[in-house]
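Trainee: Could you walk me through how to read a few features of a model like this one? I would like to begin with side chains and work up to helices.

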Amino acid sequence: MIKLLLAEDQGMMRGALALLLGLEDDFEIVAQLGNGDEIVPRALETRPDVALLDIELPGRSGLDAAGALREALPECQVLILTTFGRPGYLRRAMEAGAAGFLVKDGPVEELAVAIRRVLAGERVIDPGLAAAALSAGPNPLTQRERDVLSAAVDGATVADIAAKVHLSPATVRNYLSSAIGKTQTRNRMEAVRAARQNGWL
């Protein structure tokens with residue numbers, strides 16, 4: 001049997017996926033989670049062969065959890081399954097050691113095939129997204145620029161951002177200015193939006 005861990009924050013979607021995948025003769029769902037912080041502890045407890053992770057989860061994101069899971073349980077293959085087919089997310093998933101990246105609008109039969117393929121050591125990537133990621137190029141933002149933009153998401157002031165990321169207000173302004181230039185936007189909120197749309201945050 002192929003043991004699966006499923007991390008998806010929407011209960012109905014999680015239940016439907018578990019039900020559909022459970023119909024496959026060789027699949028066993030060993031864990032269903034709605035929070036990213038639970039992924040590594042439950043994986044260590046249940047020892048899945050493949051972890052299906054959504055990206056946007058409460059607590060730890062699926063991308064962060066993918067890297068931690070690959071370190072904690074290297075024999076478990078990670079397959080990112082998301083609504084958000086963004087080139088930056090694909091790049092980050094691959095950097096985190098994910099074996100596959102699929103968008104949720106595909107048929108469940110494709111997902112079952114993808115699970116078996118990643119378990120066999122293959123990489124499975126949504127073809128349209130792979131092409132988009134190649135044309136989009138790498139993330140132009142540094143880690144510090146990403147930190148500052150992430151802290152600016154809710155319209156925080158420069159002083160709020162500085163306190164959150166432990167930098168001086170002048171340094172925060174420099175990082176914001178640099179991020180705005182690199183995203184070719186007019187202000188920090190546009191820069192945040194552009195970075196999110198590209199999957200850089």
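Trainee: Is Glu45 buried or exposed?

Mentor: The general idea is to look at the relative accessible area, where a value over 50% counts as exposed. Glu45 has a relative accessible area of 60%, so Glu45 is exposed. Keep in mind that this is a predicted model.

Trainee: Which residue forms a salt bridge with Glu45?

Mentor: For a salt bridge, look for a side-chain nitrogen of Lys or Arg within 4 Å of a carboxyl oxygen of Asp or Glu. Here the partner is Arg42, with the closest N and O atoms 3.8 Å apart. Arg42 is partly exposed, because its relative accessibility is 26%.

Trainee: How are Arg42 and Glu45 placed in helix α2?

Mentor: They sit three residues apart in helix α2 (residues 39–46), so about one helical turn separates them.

Trainee: How many salt bridges does the count come to?

Mentor: The count comes to ten salt bridges. Another one of them pairs Lys104 with Glu8, and their closest N and O atoms are 2.5 Å apart. Now place both residues on the chain: Lys104 is in the loop between β5 (100–103) and α5 (108–119), while Glu8 is in the loop between β1 (2–7) and α1 (11–22), so this pair ties together parts that are 96 residues apart in sequence.

Trainee: Is Lys104 buried or exposed? And Glu8, buried or exposed?

Mentor: The cut-off for buried is under 20%. Lys104 has a relative accessible area of 19%, so Lys104 is buried. Glu8 is buried too, with a relative accessible area of 2%.

Trainee: Which salt bridge involves Lys182?

Mentor: Lys182 forms a salt bridge with Glu145, and the closest N and O atoms are 3.0 Å apart. This pair links distant parts of the chain, since Lys182 belongs to helix α9 and Glu145 to helix α7, 37 residues apart. Lys182 is partly exposed at a relative accessible area of 35%, whereas Glu145 counts as buried at 4%.

Trainee: You mentioned α7 and α9. At what angle do they pack?

Mentor: For a helix pair, read the distance between the axes and the angle, then see which residues meet. The axes of α7 and helix α9 (residues 169–183) are 9 Å apart, and the helices pack at an angle of about 100°. Angles of 65 to 115 degrees count as roughly perpendicular, so α7 is roughly perpendicular to α9. On the α7 side, the contact is made by Arg144, Glu145, Val148 and Leu149. On the α9 side, Val172, Tyr175, Leu176, Ser178, Ala179 and Lys182 take part.

Trainee: What about the backbone? Which phi does Arg47 have?

Mentor: Arg47 is not a glycine, yet it has a positive phi of about 50°. Arg47 lies in the loop between α2 and β3 (50–53), and it is partly exposed, with 38% relative accessibility. Gln184, also not a glycine, has a positive phi of about 55°. Gln184 is in the loop between α9 and α10 (188–197), and it is exposed, with a relative accessible area of 74%.

Conventions. Residues are numbered from 1 along each chain as its sequence is written. This is a predicted model: local features need pLDDT of at least 70, side-chain atom pairs count only at pLDDT 80 or more; totals for chains, interfaces and linings use all residues. Side-chain values use heavy atoms; hydrogens and water are left out. Axes are lines fitted to C-alpha atoms, for helices over the stretch in contact, and angles run from 0 to 180 degrees between N-to-C directions. Helices (H or I, at least four residues) and strands (E, at least two) are DSSP runs, numbered from the N terminus. Angles under 35 degrees count as roughly parallel, over 145 as roughly antiparallel, 65 to 115 as roughly perpendicular and the rest as oblique. Contact means heavy atoms within 4.5 Å. Buried means under 20% relative accessible area, exposed over 50%, partly exposed in between (1.4 Å probe, protein chains only).
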